[in-house]
Each structure stands twice: as C-alpha cells, then as structure tokens.
Amino acid sequence: MRLDLGLRLSDGRWLELADLRGTPVLLFVFATFDTISQASLTSLRPFVPQHPEVIVVGIAAQPRATQLVEAWAYALDPPFLVGANPYGYVENGESTLGKIEIVPTYILYDASGYQIDRTTGLLSEADLARLVEPLRRESD
C-alpha cells in the first residue's frame with residue numbers, strides 16, 4: 001500500500017504525505033479524545049529525537065478531526081507533525097491507510113512509500129525502536 005494522503009496540519013499548512021517519499025515515515029493514527037493515544041506521547045517524546053531517520057506524523061482519525069487537532073497539538077505539544085484529513089477519508093476507511101479499527105495505530109512506511117509494518121495499542125519506547133528496526137536492515 002503506497003503512502004498517499006493529504007493532511008491539514010495543526011498549524012494550518014497542507015501536507016501531502018507522498019511528498020515525504022525518500023524518507024521512512026511512521027504514522028501515528030490517534031484520536032484526540034483517547035487516553036491511550038495521549039499516553040502514547042510518553043514513548044514518542046524520546047523516540048522521535050533518537051530516530052531522526054524516521055519522520056513521525058500524527059493523524060487524527062475521528063469525525064471533525066480538523067476542528068480538534070489544533071487544540072490537541074497546542075495542549076500536548078507533540079514532538080512531530082500532527083494533522084487530519086479534512087475530507088473524512090481516514091475515519092471512513094477511504095484512504096490508502098485502510099480501515100483504522102483501533103487507535104492508536106502505528107503504520108511504518110519505507111523510503112519508497114510502501115507500508116512495511118502496522119501495529120496497534122500502547123507501545124513502549126523499546127517497542128517503537130523494534131518497529132523501525134527493519135529500516136536499519138534496509139539501509140545496511
């Protein structure tokens with residue numbers, strides 16, 4: 001599955017995920033109201049600076065996400081880009097991400113934009129490091 005989706009970022013900019021090809025991407029699909037998604041920031045905060053080879057992007061997957069993601073990002077100050085698809089493609093399962101059954105969901109894409117792994121739930125910092133381990137093997 002190719003990485004192809006447009007997002008309205010929390011700061012108002014527009015981001016086409018396809019423009020990130022050339023660098024591995026870890027999507028953190030979350031809901032602003034979900035406590036597990038919020039708790040996931042505990043692991044993501046140290047992970048992001050320790051893994052500069054991966055671009056982390058948060059995507060809110062819920063109705064009216066674009067209205068809520070700015071406040072969520074302001075209140076929780078995640079160390080990565082955060083946005084939502086304003087057309088409802090993510091929460092309706094109509095995007096290239098496929099159906100999101102559980103939040104948080106982590107989807108890892110290689111530098112070519114192909115999905116190489118997907119997992120759900122509350123991950124530790126070590127879990128996140130193991131998730132991106134295949135990227136290190138690819139670069140060797």
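User: Which residues does His-51 touch, not counting residues up to four places away in sequence?

Analyst: His-51 touches Ala-129, Val-132 and Arg-136, where contact means heavy atoms within 4.5 Å. This is a predicted model, in which local features need pLDDT of at least 70 and side-chain atom pairs count only at pLDDT 80 or more, while totals for chains, interfaces and linings use all residues. Residues are numbered from 1 along each chain as its sequence is written, and side-chain values use heavy atoms, with hydrogens and water left out.

User: Why is His-51 called buried?

Analyst: Buried means under 20% relative accessible area, exposed over 50%, and partly exposed in between, with a 1.4 Å probe and protein chains only. His-51 has 7% relative accessibility, so His-51 counts as buried. His-51 lies in the loop between H2 and E4; helices (H or I, at least four residues) and strands (E, at least two) are DSSP runs numbered from the N terminus.

User: What makes the pair of Phe-28 and Tyr-106 tilted?

Analyst: Rings of Phe, Tyr and Trp (its six-membered ring) pair if their centres lie within 6.5 Å; planes under 30 degrees apart count as stacked, over 60 as edge-to-face and the rest as tilted. The centres of Phe-28 and Tyr-106 are 5.4 Å apart and the planes stand at 40°, so the pair is tilted. Phe-28 is in strand E3 and Tyr-106 in strand E6, 78 residues apart.

User: How do you know whether Phe-28 and Tyr-106 are buried or exposed?

Analyst: By the same cut-off, Phe-28 is buried because its relative accessible area is 0%. Tyr-106 is at 0% relative accessibility and therefore also counts as buried.

User: Which residues touch the most other members of the largest nonpolar core?

Analyst: A nonpolar core is a set of buried Ala, Val, Leu, Ile, Met, Phe, Trp, Tyr and Cys residues joined through side-chain atoms within 4.5 Å. Of the 24 residues in the largest one, Leu-26, Leu-44, Phe-47, Phe-80 and Tyr-106 touch the most other members. E3, H2, E4, H3, E5, E6 and helix H4 (125-139) each supply at least two residues of this core.

User: What makes E2 and E7 the edge strands?

Analyst: Two strands pair if DSSP finds at least two bridges between them. The open sheet of 7 strands has the order E2-E1-E5-E4-E3-E6-E7, with mixed pairing. Strand E2 (14-16) and strand E7 (115-120) each pair on one side only.

User: How many bridges join E6 to E7?

Analyst: Strand E6 (residues 105-109) is joined to E7 by 5 bridges, and the two run antiparallel. Tyr-109 has Gln-115 in E7 as its bridge partner.
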